[in-house]
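Take a look at the protein below. A student has some questions about it.

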Amino acid sequence: EIYTLSLHDALPIYFLRRIAMTKKKPISIKLTCRGAFDVRTLASGKTETTRVAPRIRLRAIGTRPVDGTHLVEIRFQPEKAKMRSVYLEMSYLLPQKKNQLKERLADLGYAWPLNKDEADAIWYALAETRPKKEFIWVGAPGWYGDSFALPERFFSSDANAIPVLIDPQSKAHVGAFISGEGSLHGWQTSVGKLARKSSPLRVSIAATLAAPLLRKLGMDSFAINWFGLTSEGKSFLLKAGASVSGLIGPDGVPGWADSEPAFEGQAMGHRDCMMPLDETADGENKMPLEKKARMLAFVIARNRPRKLSKKHEQEYGLENREYRILVQSSSERALRDVARDAGNPRLGGEEVRFMDVPASEPGSQGILDGKLKPEQDKSLLETAKARRTHVGASNIEPGPRPTRVPRPASEGQELGSNGSSI
């Protein structure tokens with residue numbers, strides 16, 4: 001028997017076949033260490049892989065304790081650059097923010113495939129990833145539990161501790177914390193060797209090493225102001241102390257802020273660390289030195305920034321801010337004398353929290369203990385050059401006094417070049 005189909009019966013079958021022929025098969029993307037690959041199964045049963053984009057993966061999921069926000073770390077290979085990571089809110093993995101994620105990574109150099117289906121498949125592979133690695137996202141350095149965090153560095157005695165990462169876009173003025181090419185041996189033979197002959201230098205270095213212990217010992221923040229004449233080595237004391245933690249940035253040692261919020265930002269950015277402040281006279285046209293010193297003394301005493309409205313703190317992520325810091329500053333005159341001459345003597349608590357300490361003792365050679373004596377078969381100038389120390393011009397020959405203390409160097413590297421000989 002022959003069965004025939006009417007046109008009315010045949011049209012649905014025709015369109016169903018056309019739809020089946022034109023319907024795209026879903027793209028399967030595999031993210032590997034060599035890149036993003038389109039994986040297809042051929043009619044023969046064999047698997048074909050084609051590289052469609054550079055390396056990319058969702059590496060870790062983290063939390064921001066201040067507000068409970070979840071974040072993700074996406075690590076990828078930009079065009080003509082090294083692997084890098086970007087940290088984004090977890091909402092970027094939602095379908096409605098898919099294009100925003102693509103745009104963000106493209107702006108950072110990731111080359112998405114031009115084929116929309118392939119790009120969408122990469123997004124889907126990222127979104128369905130659930131990595132085991134975790135991290136904690138914070139806005140300032142210092143102690144978090146029994147672990148200590150610095151920019152791009154994390155220290156913990158627990159090998160299984162969750163890493164604490166500092167937001168590079170933090171509202172706090174985070175210190176430089178530069179890790180240079182120096183070594184412990186190089187630091188010992190340059191700065192350390194010189195410190196044997198300088199009590200103030202040893203105090204400055206010890207203060208930097210002691211700063212992280214304030215919180216663990218239950219002690220409050222405090223400050224030291226090194227004062228003395230020009231060329232005695234006050235700035236060198238700050239730089240030597242700052243070199244321990246790499247706190248000398250591209251612009252040198254941080255200067256004094258001109259407002260209380262700015263001081264609080266600096267303190268948060270050096271949480272549980274030493275905070276160097278150079279050039280106390282800078283900005284005196286905006287605020288007299290005696291007022292800045294008093295303001296800083298009380299900012300230090302609180303161990304936290306000023307309390308703001310709860311709504312404002314929640315909206316701008318300013319909750320639970322606190323710090324323990326040890327400040328070191330320098331000035332030509334003692335802050336006590338500056339305040340007295342201005343007719344506004346310092347308060348007792350102010351002097352305890354912000355102590356004046358002379359950078360040199362009578363009869364000493366600047367910050368060096370005692371007079372420098374020439375070595376055997378060498379002149380005083382040759383001895384000074386060999387030890388890389390400052391010698392007053394009056395001890396050598398008549399003439400103007402040098403305006404600064406030469407910095408010790410080790411194998412051609414100056415301490416102040418990047419502030420991180422260790």
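A short exchange about the protein follows.

This is a predicted model, where local features need pLDDT of at least 70, side-chain atom pairs count only at pLDDT 80 or more, and totals for chains, interfaces and linings use all residues. Residues are numbered from 1 along each chain as its sequence is written, and side-chain values use heavy atoms, with hydrogens and water left out.

Reader: How many helices and strands does the protein have?

Author: Helices (H or I, at least four residues) and strands (E, at least two) are DSSP runs, numbered from the N terminus. On that basis, the protein has 14 helices and 17 strands.

Reader: How many of the residues of α3 are buried?

Author: Helix α3 covers residues 116-127. Buried means under 20% relative accessible area, exposed over 50%, partly exposed in between (1.4 Å probe, protein chains only). Among the buried residues of α3 are Trp123 and Leu126. The helix is mostly covered, and the buried count out of twelve is nine.

Reader: Which elements do the buried residues of α3 pack against?

Author: Contact means heavy atoms within 4.5 Å. The buried set includes Ile122 and Ala125. Their partners as a group are β1 (28-32), β2 (35-41), β3 (47-53), β4 (56-64) and α2 (98-107).

Reader: Is Leu217 buried or exposed?

Author: Leu217 sits in the loop between α6 (213-216) and β12 (222-227). Its relative accessible area is 59%, so Leu217 is exposed.

Methods: Expected span 1.5 Å × (residues − 1).
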